[in-house]
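Student: Could you walk me through this protein model slowly, starting wherever you like? I would rather ask as we go.

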Amino acid sequence: YQRRVHGECTVLWLFLPSAEWGMQSPVPKSMAPKDITRVHDDYQRKFENTEESLELRKKEYMTVVNQFYDLVTDFYEYGWGQSFHFAPRSKEESFIESLRRHEMWLASKMQLQPGKHCLDLGCGVGGPIRTIARFSGAKLTGINNNEYQLGRAKKHIQVAGLENLVSFVKCDFTDLPFPDNSVDAAYQIEATCHAPELLTVYREVFRVLKPGGVWAGYEWAMTEAYDAKNKEHEAIRQGIEVGNGLPPIQTAASILAKLRDAGFEVEESSDIGKICAIPWYGALAGQWSVSGFRHTTLGRWATWKVTSWLEFFHILPRGTSKVAKLLQNAADALVAGGEQGIFTPNFFYLARKPQ
């Protein structure tokens, strides 16, 4: 599998299987080794806690998003799998089973079926789109503006034999290359949080959907428990934004208001992260398993330390450990946000374009 997807065999990283596909190196392969430190440092400058850096982040949001995913995509696949999102989990489910159930539940709520054409906005390397294509039989088009991720997604689709159901388009999801009223449905899974203005994305989706078309997703949101005047809450929010390449995270109330402002009728909405025995952040909070070791607290620390050692001995390119540390800090902020109940990545909405 590694030879087919990467074109080469990767190192036996930490001697443990990854969450989904066996051995997978976390070293960023989307750029020349000499560029890793430069890209990381430029990315970090956009998250200095100043008004200037915030405006720069919004103005150059696509650069921020591409820098972020160029740096972290291989780490994500190594430690998490090919579905770059969270999911609440029952005690009877494995980690991977919970992610796939989360994806199929969304498809069932949208009533996707053969003959329908659906967009996946921010499709990543194609984990969810493969699951939903198999589950629903619908035609799916993945939208992504990151060249490296699209290349990975296309290779995964070829390996899975799903070229007849899944295709990809490289574009910005604020400017979709589809005619008005041409698509049956669209969804996003923790992707539009990267947009500098959600209303712009929602209006663009509204434009391309046919009357009666469905728009659904899981949005990252600050909950009602979040207090912007609380310094600890603000530090957690900023830690999540820095570690995930985000503009300011919206509240759930703001998300619903923007859906309605775009013209949608909101049929359902809820924080579904509350419904299972194991919360969405459980995998990050230290519940140990052999297959899931890499995304536990100890696993993240071990990855950072090993990358630091290998970097010191010039086995890995300079800057690799900085990326590992960036993601370690991001995970700590996410766990803190989840434990305090001020943040959720599982704010579900189901909206419809009026007939």
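Tutor: Trp80, Phe86, Phe95, Trp220, Trp280, Tyr281 and Phe343 are linked by ring pairs into a cluster. Here rings of Phe, Tyr and Trp (its six-membered ring) pair if their centres lie within 6.5 Å, and planes under 30 degrees apart count as stacked, over 60 as edge-to-face and the rest as tilted. Before we go on, please note that this is a predicted model, in which local features need pLDDT of at least 70 and side-chain atom pairs count only at pLDDT 80 or more, while totals for chains, interfaces and linings use all residues. Residues are numbered from 1 along each chain as its sequence is written, and side-chain values use heavy atoms, with hydrogens and water left out.

Student: OK, how many aromatic pairs does that rule give?

Tutor: The count comes to 13 aromatic pairs. One of them joins Phe86 and Trp280 edge-to-face, at 5.0 Å centre to centre and with 70° between the planes. Phe86 lies in the loop between helix H4 (61-79) and helix H5 (95-110), and Trp280 in the loop between S6 and helix H11 (297-312), so the pair ties together parts that are 194 residues apart in sequence. Helices (H or I, at least four residues) and strands (E, at least two) are DSSP runs, numbered from the N terminus.

Student: And is Phe86 buried or exposed?

Tutor: Phe86 is buried, with a relative accessible area of 8%, and Trp280 counts as buried at 5% relative accessibility. Buried means under 20% relative accessible area, exposed over 50%, and partly exposed in between (1.4 Å probe, protein chains only).

Student: Which parts does the pair of Phe206 and Phe264 tie together?

Tutor: Phe206 lies in helix H8 and Phe264 in the loop between H10 and S6, so that pair ties together parts that are 58 residues apart in sequence. The rings of Phe206 and Phe264 are edge-to-face, 5.1 Å centre to centre with 85° between the planes, and Phe264 counts as buried at 4% relative accessibility.

Student: Let's look at H10, then. What do its buried residues pack against?

Tutor: The buried residues of H10 pack against H8, strand S5 (209-222), strand S6 (265-271) and strand S7 (343-352). In helix H10, which covers residues 252-261, the buried ones are Ala252, Ser254, Ile255, Leu256, Lys258 and Leu259. After H10 comes Gly263, whose phi is positive, near 115°.

Student: New topic: where is Cys193, and what does it touch?

Tutor: Cys193 lies in the loop between strand S4 (183-189) and helix H8 (198-208). Not counting residues up to four places away in sequence, Cys193 touches Glu219, Trp220, Leu246 and Pro247, where contact means heavy atoms within 4.5 Å. Although Cys193 and Pro345 are 152 residues apart along the chain, their C-alpha atoms are separated by 9.4 Å.

Student: What about Thr131, is that one buried or exposed?

Tutor: Thr131, found in helix H6 (residues 127-136), counts as buried at 10% relative accessibility. Leaving aside neighbours within four places in sequence, Thr131 is in contact with Arg100, Glu103 and Met104.

Student: Last one, how much of the whole protein is buried?

Tutor: Buried residues make up 59% of the 355 residues in the protein, and the secondary structure comes to 12 helices and 7 strands. Among contacts with a separation of 6 or more, residues 24 or more positions apart account for 76%.
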